[in-house]
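I opened the model today and kept short notes. The entries follow the order in which I looked things up.

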Amino acid sequence: MIVVNGLKKRFKLAKELENTTSRSDARQRDGFFHSVEDVSFRCDRGEVLGLLGPNGAGKTTTLRMLSTALKPDAGSIEISGHNIVKYPLKGRKAIGFLSGTTGLYGRLTAKENVEYFAKLHGLKGKALKVRCDELFSQLAMDDFLDKRAEHLSTGMKQKTNIARAVVHQPDVVVLDEPTTGLDIMTKQTIIQFIRELKSAQTPVVFSTHHLDEIALLCDSVCLIDKGQSRFSGSIEAFKTAGQSTELNDAFLNIVNHGCADV
Ligand SMILES: Nc1ncnc2c1ncn2[C@@H]1O[C@H](COP(=O)(O)OP(=O)(O)OP(=O)(O)O)[C@@H](O)[C@H]1O
């Protein structure tokens, strides 16, 4: 289970911007850019939560706080009952995190990359082989397992990155735009993989700009706009709050007019 409450994160503005404010984004003030100002949501066992929001809303910053790569300035993050702001090591073990920039070792093959991270997590021998084979099959990786990472296509790299991120069977999985830039077949494989995580009761939080993926996969959504969660709850409640049965319209209505009073 993931419970996030009142997250905040600001970044010091570059010297030349220090004394400026932005007319279009009130988050630029006081010498800081307040990327995330108040974000809250929860994702329970067996649930998939989609994180939505316009470009620059604060989704990646939020997910990086969940992954413990960034420390929040305020707010709490609880994962499987652990306060991971206070105990980031517990968070690192409990989370499988796919970031937009997760690196692979170019000279290692796809298989070697995943096995390397499995070993870092303490897997060895038969357990390592069984876990890696399971992932290679779920993510349809067999055709390129022996190719060096530096020669992989975007989709092959993404599958390898996902396998690497979840090889230790984390309690929760957090994916930053897992399907961006991928072809339809690779997208489908990743969507099916997320469904399998859900069947195994693993909570999954992922950010996306694709509302069709939200419709296909998610039990709940959190819509972040200008650093604040404007809506957090079930898909049905999202449609009600956005006054439309179409997710696209509901999204635009909430961003432009706020949630409807119901
Ligand atoms: N290190 C940083 N220093 C200053 N500003 C930052 C930093 N990191 C992020 N920001 C700003 O915070 C805001 C939120 O960025 P973030 O990457 O979290 O948005 P996002 O919702 O993931 O956007 P997108 O959908 O375009 O990926 C942006 O305006 C970004 O420029």
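**Entry 1: confidence.** What pLDDT does the protein average, and what share of the residues score at least 70? I found an average pLDDT of 92, with 97% of the residues at 70 or above; pLDDT is the predictor's confidence in each residue, from 0 to 100. I noted that this is a predicted model, where local features need pLDDT of at least 70, side-chain atom pairs count only at pLDDT 80 or more, and totals for chains, interfaces and linings use all residues. Residues are numbered from 1 along each chain as its sequence is written. Helices (H or I, at least four residues) and strands (E, at least two) are DSSP runs, numbered from the N terminus. I kept a caution: where pLDDT is low, the predicted coordinates should not be read in detail.

**Entry 2: the ligand.** Which residues surround the ligand? I listed Phe11, Phe33, Ser35, Gly53, Asn55, Gly56, Ala57, Gly58, Lys59, Thr60 and Thr61. A residue is near a molecule if its C-beta atom, placed from the backbone, lies within 6 Å of it. At least two shell residues come from each of β3 (32–43) and α1 (59–66), and α1 gives the largest share, three residues. I sorted the shell into three nonpolar, seven polar and one charged. Here Ala, Val, Leu, Ile, Met, Phe, Trp, Tyr, Cys and Pro count as nonpolar, Asp, Glu, Lys and Arg as charged, and the others, Gly among them, as polar.

**Entry 3: α3 and α4.** The axes of helix α3 (residues 110–120) and helix α4 (residues 125–138) come within 10 Å and cross at roughly 135 degrees. Axes are lines fitted to C-alpha atoms, for helices over the stretch in contact, and angles run from 0 to 180 degrees between N-to-C directions. I therefore wrote the pair down as oblique; angles under 35 degrees count as roughly parallel, over 145 as roughly antiparallel, 65 to 115 as roughly perpendicular and the rest as oblique. Val114, Glu115, Ala118 and Lys119 in α3 meet Leu128, Arg131, Cys132 and Leu135 in α4, where contact means C-beta atoms, placed from the backbone, within 7 Å. By class, this contact of α3 with α4 has five nonpolar, no polar and three charged residues.

**Entry 4: α3 and α5.** The axes of α3 and helix α5 (residues 154–166) come within 9 Å and cross at roughly 20 degrees. α3 and α5 are therefore roughly parallel.

How values were computed. Two residues are in contact if their C-beta atoms, placed from the backbone, lie within 7 Å.
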